Each structure stands twice: as C-alpha cells, then as structure tokens.
Amino acid sequence: MRDDNTIELRITPPIISSLFDDVEHGVLSPLSCLREFDHHWILEFDLPLVSKKDIKVTFDGNSINVEAKLKEKYSEEKLGKFTKFEYFKKSITLPGKIDSKKTIAKFQNGRLVIKIPKKVMGHHIKIE
Amino acid sequence: MKNIGEIEVSDLPSSLFVEGGEILAPIRIYKKNNIFAIISDVPFDQYLAEDFAHAVHAFCKENQMKKIVFISGMESINQKKDEPEIFGLVTHKTLESLLYNYKIPKFLDGSIFGTDATIISVFRKTKIPLLVLYAECHPFFPDPKASITAIVILAKILNVKVDTSEIQKRLDKIRIQHRNLMEETLRSLQEKPVKAPQIYR
C-alpha cells in the first residue's frame, strides 16, 4: 500500500504498549503507529505470530479495534511470574471522523496496515 | 566472544544488567582474535552519542584498529522487496573497496540526523575509517529480519561464520520480546527535539 503522491502530515509513534498488557486475561497490547496524510490515515499494527484468518478489525465511532489470536501461546515473565498470552488486543481512537465503508486493510509479514479515508463533513457556502 | 571491558558514558542514566548472576554494564566490549565488538543495551540520544563516539575512538586508537563497522537502520515503511536491503556509507575512501567487494550499494543521497550523524561526524575527523551499514527497517516496530540481513553482511566483511538459523526460527517471538526495547528507544529519541534517524523520506 504505497502513498507516493500524498504528503505525510503527522506521525504518532507507539505509546507504551507493554504497560497495557492484560496479564490476567493473557492479552498483549501490540505496537502500533498512526500516520496522517491529506485525505486519509494509515494505522499500522505489529502482529507477529498471527495468521490473517485470526485477525478481527471492528469500528466503534472513530475508534478502530483490533483483536488477533496468536498461532501459539507466548510466555513472558511479568511481575515476577510467567504469564501465557493468547491474544493481541488494542483500540485506537482517531483524531477525526472516519469513512469506515472505504477503509481497507492488508496483512503482510505480520504487520496489519489499515488505510482509513477521512470523512469530509462540510457543505457548500453560496457566494452572493 | 569474551567480555573484556566496558565503556562508561557520563550523563547516561545509571543502569546495570544481571545475566546468570553476573553484573553487566550497559555498554560492553567483547573480543575474539583480532575482532572487537561494542554492544549497547541502552539507547542514547545524539548528545550522549558524542561522548560515546570519542570514548570508542580513544579505545580504537589505543588498540590500533584498522577499521570500524557500525550497523544502523534506515526507515522503510514501504519496503519494496521481501528481503531488506543494506546500503553502505564510508567516512574514508580507503573503505570504498569493501562496498564493491561485497556488492553493498552505496548510500548516495539523503540526510542523516541524530545519534548516527553525531557518531559519523566524530569519526570522519579521525584517521580511523568507519563503514556504516544501513539496513532497511521499520522505524517503529522491532525488525529482527533487518538485523539478521545486516549481521550476515557484517560476517562476510569480517570473514567470520555466523549461523542465523536458530534466530530465523524465533523471529516472531523476538518481535514480541523487543516491544519494550523499541518503546524505550523511541522515548529516548522523543525526549529531545529530534526524530528517529531516517534517511529517505
């Protein structure tokens, strides 16, 4: 998904994802980054150890929710004890209205790239 | 390789690592035969990088090093090929033959900012030549595939054998494990008014 003809306006790099891991329910918070262009955003999630068929992307207003099941359980030491993780889960709220019908996603090399067009909310003003 | 020492950088936040009960400094020097390797487990910004580069230069001068190879990343969200590409940049013409011999495309045009720029600036004023290997990688996500590609080229240059088969099997798990390091690195870079190093835009 190349965007050679558009100007990148802003990049929002990942926030501290690992702090939002849900140890109790075995859910990892994936890394993500948001890039803003003139007419759309590119939202990217790093989802290693995941198959395309196990990814679920949903919308809720201006939020995009991503949930993905890991191919195998991943163990990591958290708070002094080993925890097994089975899912990635994260919700990102975009800083504007989104056109969910024209949103497209691509999954390659364990990275989910979602292209989200901005919804243009406006009306013509008659010039007298 | 054998751990033979460490590099202290003043102003670097105090940190230590413990591995198998052994206390390790964040920036360590390893040696095997006539090859030295310097590894840092902590990210540092462009301002701390100057002290680091001078300390490395002093060490290299004392040990009469012939050349230095430094590995870095080149931002590439829209990577064209499945395998990341490696580009080379040299501070002294004497190292250009390495680029031809190992078929490493030369980094021809672009800008270099931050930590990389500081280290290159220090060495280009010295008599010790530096080769920088830039691996195409994702700017915000861990990219072990890019690291492996760079290590394979480095091994050829140093004429040493490296077996990456075990790492290849664990690529996905390494990406999950290294989320924290990636976040710490980005945070360290964002604390100062400089963006993550990027060459092409």
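Chain B holds an open sheet of 3 strands, in the order β6-β8-β7 and with mixed pairing. At the edges stand β6 (68–75) and β7 (86–90) of chain B; each has a single partner strand, so one side of each is left without a neighbour in the sheet. From one strand to the next, the twist averages 25°. Strands here are DSSP runs of E, at least two residues long, helices are runs of H or I of at least four residues, and both are numbered from the N terminus. Two strands count as paired if DSSP finds at least two bridges between them.

This is a predicted model, in which local features need pLDDT of at least 70 and side-chain atom pairs pLDDT 80 or more, while totals for chains, interfaces and linings use all residues. Residues are numbered from 1 along each chain as its sequence is written, and chains are lettered from A in the order in which they are written.

Back in the sheet, β7(B) runs antiparallel to strand β8 (residues 130–137) of chain B, and 5 bridges join them. Here B:Ile86 sits opposite B:Ala135 of β8(B). Packed on the sheet is helix α4 (residues 144–158) of chain B, which touches β6, β7 and β8 of that chain and points at about 150° to β8(B). Contact means C-beta atoms, placed from the backbone, within 7 Å; angles run from 0 to 180 degrees between N-to-C directions of axes fitted to C-alpha atoms, for helices over the stretch in contact.

Over in chain A, strands β8 (residues 104–108) and β9 (residues 111–117) pair antiparallel over 5 bridges. A:Gln108 faces A:Arg111 of β9(A). The hairpin has 2 residues between its strands, and A:Asn109 takes a positive phi near 50°.

Notes. Two residues are in contact if their C-beta atoms, placed from the backbone, lie within 7 Å.
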